Amino acid sequence: MTCCEAIEAGAAAIDCCLCGAPQTQAAFARIEADISRRQFLGGTAAVIGMFAGFGLAPRELRAQTPGRPTLLTNLRFFDGTTLAMQTGRDILIADGRISALPATGTGPEDADVIDCGGRAVTPGLIDCHWHATLVSVSQVAALTQDIAFIHLVAGQEAGATLMRGFTTVRDTGGPVFGLKMAVDRGVVAGPRIFPSGAMISQTSGHGDFRLLSTLPRMDSDPADYTERTGVAAIADGRDEVLRRTREQLMKGASQIKIMAGGGVTSLYDPLDTAQFLEEEMEAAVRAAADWGTYVCAHVYTSEGIQRALRAGVRSIEHGQLADSETIRMMGDAGAWWSIQPFLEDEDSNPRTNPIQQAKAEEVARGTVRAFEEGRAEGVNMAFGTDILMNPGASRSQGRQLAKLTRFMPPLEALRMATGNAGELLAMSGPRDPYQGRLGVIAEGAHADILVWDGDPETDLDFLDDPTNNLRLVMKGGRVFKETL
């Protein structure tokens with residue numbers, strides 16, 4: 001008896017899925033056709049207008065003539081790699097990409113012209129350590145509230161992230177696949193998202209959010225709430241790590257995130273702990289490599305970093321407690337150091353527990369030396385914030401980048417969040433969901449472009465007030481903000 005026959009016969013005990021049934025597929029086709037018709041008749045707004053009541057619909061404020069290129073003129077620009085502001089060129093955009101950098105005044109006459117008024121132009125900013133669904137809710141809410149609420153808050157935050165000038169984020173853990181789909185399809189405004197999916201953690205690791213009262217875990221026990229919702233995945237042993245890694249790849253992960261050492265916000269794993277055996281890490285690395293991508297690892301200490309590098313991990317997240325030998329090892333391996341300005345200041349994630357506070361202070365003491373030695377050793381360094389479960393703190397995202405001028409010249413700091421970050425994202429290879437250069441102003445790159453009131457050669461303080469200083473936000477050639 002087929003599934004449909006069983007239903008017709010009243011066999012309610014048979015649990016079957018009709019996702020692939022001809023009737024269901026025909027319904028999907030009608031929906032897609034209706035969306036296409038709406039786009040043809042009324043543009044994207046006809047499709048997403050229904051979402052305006054939620055305050056989530058993309059705000060495309062400048063009318064752009066379909067089929068005509070856009071030309072940015074009268075500007076000084078930072079290309080994301082060269083440590084100097086450049087002049088004498090315009091920026092020509094067509095089909096969502098930068099098609100040319102013509103000499104000033106030589107662009108096509110039929111282009112839609114945007115006069116930048118002599119202002120500074122930069123590539124869209126990239127945050128390489130972001131948690132799009134977990135940034136604007138408290139830890140209690142993230143671990144207990146209805147997941148639909150978490151996603152709606154994340155949708156609102158995505159629009160705010162874009163308005164701060166962050167046109168791309170690498171999401172390093174959380175149930176972000178639905179948000180990414182909504183942004184990419186124009187349902188909500190937001191940055192490009194490189195998703196990791198659930199953070200893969202060993203039992204007692206930094207991604208194990210269970211209460212002690214739930215232990216011991218038995219094979220017959222249901223998955224924890226955080227596992228069911230896609231926040232984390234607990235895996236012990238090579239086989240489980242392979243399974244959880246492959247599940248995230250199946251969902252669409254562009255890279256894999258593992259927990260390779262203790263954390264600050266978690267209570268049950270001291271900073272000095274090493275997490276995952278080397279062979280467990282290798283399982284994740286091999287599974288990711290089979291899909292043409294890589295593994296990034298949350299880890300602070302030298303032992304954990306060295307173990308991760310030996311296993312083939314290519315991006316170290318945090319790492320502020322690395323010693324000189326380990327920093328040199330990162331440089332020799334060509335690994336990326338996704339590092340954050342953890343300085344235990346007013347922008348730190350909230351911690352009321354004395355254990356957490358002590359761990360945060362230890363990390364802060366290592367942050368300054370980590371930046372200084374990482375630069376001296378020539379380690380590949382990219383910018384991230386890791387603002388986590390801290391409602392309202394996301395407003396500091398640009399200010400966090402500006403803090404890097406304590407350790408390096410402004411344009412070098414800006415490069416960490418543009419050209420360098422784009423190189424890190426490119427390691428996703430065929431799993432790159434956008435397939436094109438990011439973080440640079442160059443021919444063929446995605447047209448993610450910002451216009452600022454401020455001089456990036458002097459300082460980056462203007463990043464702290466995007467409401468007033470960010471005059472134009474363009475992502476994929478579309479203008480989402482303009483106050484020129």
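This is a short tour of a predicted model, stop by stop, with something to select at each one.

Some ground rules before you click: residues are numbered from 1 along each chain as its sequence is written, and side-chain values use heavy atoms, with hydrogens and water left out. Because the model is predicted, local features need pLDDT of at least 70 and side-chain atom pairs count only at pLDDT 80 or more, while totals for chains, interfaces and linings use all residues.

**Stop one: S315**

Select S315, in strand β12 (residues 315–321). Is S315 buried or exposed? S315 counts as buried, at 0% relative accessibility; the cut-offs are under 20% relative accessible area for buried, over 50% for exposed and partly exposed in between, with a 1.4 Å probe and protein chains only.

Now show the side chain of R170, which makes a polar contact with the S315 side chain at 3.5 Å. A polar contact is a pair of N or O atoms within 3.5 Å; within protein, one must be able to donate a hydrogen and the other to accept it, and residues adjacent in sequence count only if both atoms are side-chain atoms. Leaving aside neighbours within four places in sequence, the contacts of S315 (heavy atoms within 4.5 Å) include Y294, V295, C296, W336 and L424.

Two packed helices are described by the angle between their axes and the distance between the axes. The axes are lines fitted to C-alpha atoms, for helices over the stretch in contact, and the angles run from 0 to 180 degrees between N-to-C directions.

Select residues 302–311 (α10) and 324–333 (α11): they pack at about 25 degrees, axes 9 Å apart. That makes α10 roughly parallel to α11; angles under 35 degrees count as roughly parallel, over 145 as roughly antiparallel, 65 to 115 as roughly perpendicular and the rest as oblique. On the α10 side, show S302, I305, Q306, L309 and R310, which meet E325, T326, M329 and M330 of α11.

Most residues other than glycine have a negative phi, and most peptide bonds are trans. Go to the bond from L215 to P216, which is cis, with omega near 0 degrees. P216 sits in the loop between β8 (199–201) and α7 (225–228).

Next, pick D95, in the loop between β2 (91–94) and β3 (97–100). Its phi is positive, near 55 degrees, and D95 is exposed, with a relative accessible area of 82%. Then jump to D386, in the loop between β14 (380–383) and α13 (397–402). D386 has a positive phi of about 60 degrees although it is not a glycine, but at 9% relative accessibility D386 counts as buried.

**Last stop: M163**

Finish at M163 in helix α5 (residues 147–163). M163 is buried, at 15% relative accessible area.

Methods
Helices (H or I, at least four residues) and strands (E, at least two) are DSSP runs, numbered from the N terminus.
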